[in-house]
Amino acid sequence: MILDSKIPEGALGDKWTKHKFNVKLVNPANKRKYEVIVVGTGLAGASAAASLAELGYNVKAFCFHDSPRRAHSIAAQGGINAAKNYQNDGDSVYRLFYDTVKGGDYRAREANVFRLAEVSVKIIDQCVAQGVPFAREYGGLLANRSFGGAQVSRTFYARGQTGQQLLLGAYSALSRQVASGKVKMYPRTEMLDVIKVDGKARGIVTRNLITGAIESHSGHAVLLCTGGYGNVFFLSTNAMGSNATAAWRAHKKGALFANPCYTQIHPTCIPVSGDHQSKLTLMSESLRNDGRVWVPKTNALAEKVRKKELKPSEIAEKDRDYYLERKYPSFGNLVPRDVASRNAKEACDDGHGVNETGEAVFLDFRDAINRDGEDAIRAKYGNLFDMYAQITGDNPYQQPMMIYPAVHYTMGGLWVDYNLMTNVEGLYALGEANFSDHGANRLGASALMQGLADGYFVIPYTIGNYLAGLGLDKIPTDHPEFKKAEQEVKDRISKLLSIKGEKNVDFFHKALGKIMWNYCGMARNAEGLKKGKQMIAELRAEFWQNVRVVGKNEELNMSLEKANRVADFLELGELMIDDALAREESCGGHFREEHQTPEGEALRDDENFAFVAAWEYTGDNQPENLHKEELIFDNVKLTQRSYK
Amino acid sequence: MNLTLKIWRQKDANDKGGMQTYQVSDISKDMSFLEMLDVLNDQLEMKGEEGVHFDHDCREGICGSCSMFINGRPHGPKKAVTACQLHMRSFTDGETITIEPWRARAFPVVRDLVVDRGAFDRIIAAGGYVSVNTGGVPDANEIPIPKDIADEAFDAATCIACGACVAACKNASAMLFVGAKISQLALLPQGSVERKTRAEKMIAQMDAEGFGACTNTAACSAECPKEIPQSVIARMNREYFSAKASSKNV
């Protein structure tokens, strides 16, 4: 198989403009004869569904939530990047492109990233026109702030609720199309398979989550906008329902899965408090603008803090190690996420951890409060401080916050070409569900940017090129391929319900999460990965013999929903480990202990690993085939990332 | 902590439903309320019974999924938090906790604590947007908005559509929800073009869904996890009267 990324010819800055001119157009009278299926209604899905409907296509949109407005994009806090250079501080499309490629540790496609930076400016215009209430200055113009991994202020924000406001903007555009009849919305409906006819994606199988009805839907193209797979770790900042099922089923139908080992561990989350924990809560990275990260200099002092014999505020300045400021004087507390996370782990591994479990560091606002006053800090971060107080019972205005890294985002995803199409014709992946723009590490405030770029400004152009060549024929849902796919889904559900084992679904999910965190988490090595792989294989075998799924199919059954998702995580987890094993280098969020510089920084191997690892499914319990897409850097010089 | 739970169980929309009593033990004060329910559901599943169904997703208080009456109050006893952000340290050992779904004709029960809030989506679809297509919009900074106006619009825009306002109201009125969206868009220049038709259409849809009229008791704002103020209802009424006074749809 040859992976053709379909990157247009020409200079970096001209590629997208030329491509938009070269793609085929669908005439307005024909657009209304096409049906596009959009799965997922977060930023990518809602923006795509609305924009395609505005163009005249008929859209069927699906989400498993009770309303499209509840997708997990809503929880993004900090902001959205755009190369507006409103602050006159030297930003440009090229700088955003450069920062993103560098931040991704040189494992992303230049052309995709440049396009992302290029359309970023239009996203802000679009959102403002929709009535998204971004933060403003007293003069009435938009405010910006800086964010990890950047030295310019290019992040637009709406207090700590940027994702919510952007999603509600996209949801309002979607709702307008629902009212116009161009989008048919299917809430509480989960996609359980992709249907291929003659090698092309032509429909999906869904389960109505209220009635259990298994149905199929036919369309001319299928867009998966279903988010990332961070919940493979059980504990993550993802929502409880976030899952990889749509992407994984597509993978099993032939779509390649790219760079599955690239997971982002976010440095500023509230530490785990006990075994009951169901999810982790992120504290926006924007806190690192004013908060200073530190641990006690000595293990003895840290021990006293852990035993609550000493309050952190009682520790003298000379006994504190502001390790990020010490090691990275030019970026300080604003180093990219992977660097911040790894350093927190290192501090705790060395015995400097500050909570009962020894897995937490301080994020301290004392100096910022002394400098700007408590009111100024409250105005900036009030809702985050309140949330922290609510969850932990501690007051962060008086004592430093305690934070620890947690799984947050997955850079890997379905392999797509420049048009966002997977290697399966007619099957697209947008937003976090694809792999394309963030390389091995995503910069803060870039997920919202990518989701909306894909949905508002990329897919409306690229999908026409495919549809124009496809023809208008519709495939009826009584076609044998549809019936076959429906039957497979029904069989699998019957199998899950028939096992009636001894352990419930959460047991397996938690066990999988522990394996992934311990052996394929912030730091990985060959021995651990091999052990983890073996453990997952055993756990998966046990799952299919001993899982207990209560209730029946023909009802709202959350136990069955979870079982379907966890069964897929149990396969995906193993592929993540295979990918982590195959990538004999460290880059971005993927840190192999065998490959580090003498100072403990990630050591890339550009000669042998400057490629996208795209995995092909070959059958149940069979090793997957690795395909490589070489990454070519014509514009950015590959260097050891330095934030010193 | 050991607790007694009285929970509304209802198999589906057609079932009559009723309260059931359960015991949970060894609950940590650091657990969230929903994690406590996870413990109960683990117990039930290990006994071969189906767990209590409740909507939940982000567990960070922002998606608006969770929706339950706890001891007679939407989202429980604490001010300005959703059920998912409520922690067990707000309860005492040995306490009996009553848990019920939202009760409103416009929010029919789907199962146990899960209700159908599709009415909210239909109200937004009636006009809760600015009619702009993707592309072809002015540069973001060509629309300056005074900071105080932007902040007020933001306060209204923080609504998470959980439905606590409806559940708290004796009349099951949705005016806080509708007023929040109407206010956000009426305050901003982008939304002012369509302000009249928006107010008319959204309110007509609100009435068609079977939500009641405002009681003026302000229970909605008091229970709103995002503390949406009463002023959005006043603004909605003003928008509505102003629209009706010059409406083409008399």
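These legends describe close-up views of a predicted model.

**View 1. Strand S7 of chain A and its burial.** Strand S7 of chain A spans residues 200–208. Seven of its nine residues are buried, so the strand is largely enclosed by the rest of the structure. S7(A) pairs with strand S6 (residues 189–197) of chain A and with strand S8 (residues 214–218) of chain A.

**View 2. The hairpin of S6(A) and S7(A).** S6(A) and S7(A) run antiparallel and are joined by eight bridges. Across this pairing, A:Val194 stands opposite A:Ile204 of S7(A). Two residues lie between the strands. In this hairpin, A:Asp198 takes a positive phi near 50 degrees.

**View 3. The hairpin of S7(A) and S8(A).** Five bridges hold this pairing, and the strands again run antiparallel. A:Val205 has A:Ser216 in S8(A) as its bridge partner. Here five residues lie between the strands. A:Gly212 takes a positive phi near 80 degrees in this hairpin.

**View 4. Strand S15 of chain A and its partners.** S15(A) covers residues 401–410. The strand is mostly covered, with 10 of its 10 residues buried. Strand S11 (residues 263–269) of chain A pairs with S15(A) in the antiparallel sense, over five bridges. In that pairing, A:Cys269 stands opposite A:Tyr404 of S15(A). Strand S14 (residues 361–364) of chain A is also antiparallel to S15(A), with three bridges. A:Val361 has A:Ile403 in S15(A) as its bridge partner.

**View 5. The largest nonpolar core and A:Tyr428.** In soluble globular proteins, nonpolar side chains tend to be buried together. The largest nonpolar core in this model has 290 residues. Those with the most contacts inside the core are A:Ala49, A:Leu223, A:Leu224, A:Val361, A:Leu414 and A:Tyr428. Leaving aside neighbours within four places in sequence, A:Tyr428 is in contact with A:Ala221, A:Leu223, A:Leu224, A:Val416, A:Leu420, A:Met421, A:Thr422 and A:Ile459.

**View 6. The side of chain A that touches chain B.** Here 62 residues of chain A are in contact with 66 residues of chain B. Six helices of chain A each supply at least two residues of this side: H3 (43–55), H5 (110–130), H6 (162–180), H12 (374–392), H13 (447–470) and H17 (558–582). H6(A) gives the largest share, nine residues. By type, the residues on this side of chain A divide into 24 nonpolar, 25 polar and 13 charged.

Technical notes: Residues are numbered from 1 along each chain as its sequence is written. Chains are lettered from A and ligands numbered from 1 in the order in which they are written. This is a predicted model: local features need pLDDT of at least 70, side-chain atom pairs count only at pLDDT 80 or more; totals for chains, interfaces and linings use all residues. A residue is buried if 20 or more other C-beta atoms lie within 10 Å of its own, exposed if 12 or fewer, and partly exposed in between; C-beta atoms are placed from the backbone. Helices (H or I, at least four residues) and strands (E, at least two) are DSSP runs, numbered from the N terminus. Two strands pair if DSSP finds at least two bridges between them. A nonpolar core is a set of buried Ala, Val, Leu, Ile, Met, Phe, Trp, Tyr and Cys residues joined through C-beta atoms within 7 Å. Two residues are in contact if their C-beta atoms, placed from the backbone, lie within 7 Å. Ala, Val, Leu, Ile, Met, Phe, Trp, Tyr, Cys and Pro count as nonpolar, Asp, Glu, Lys and Arg as charged, and the others, Gly among them, as polar.
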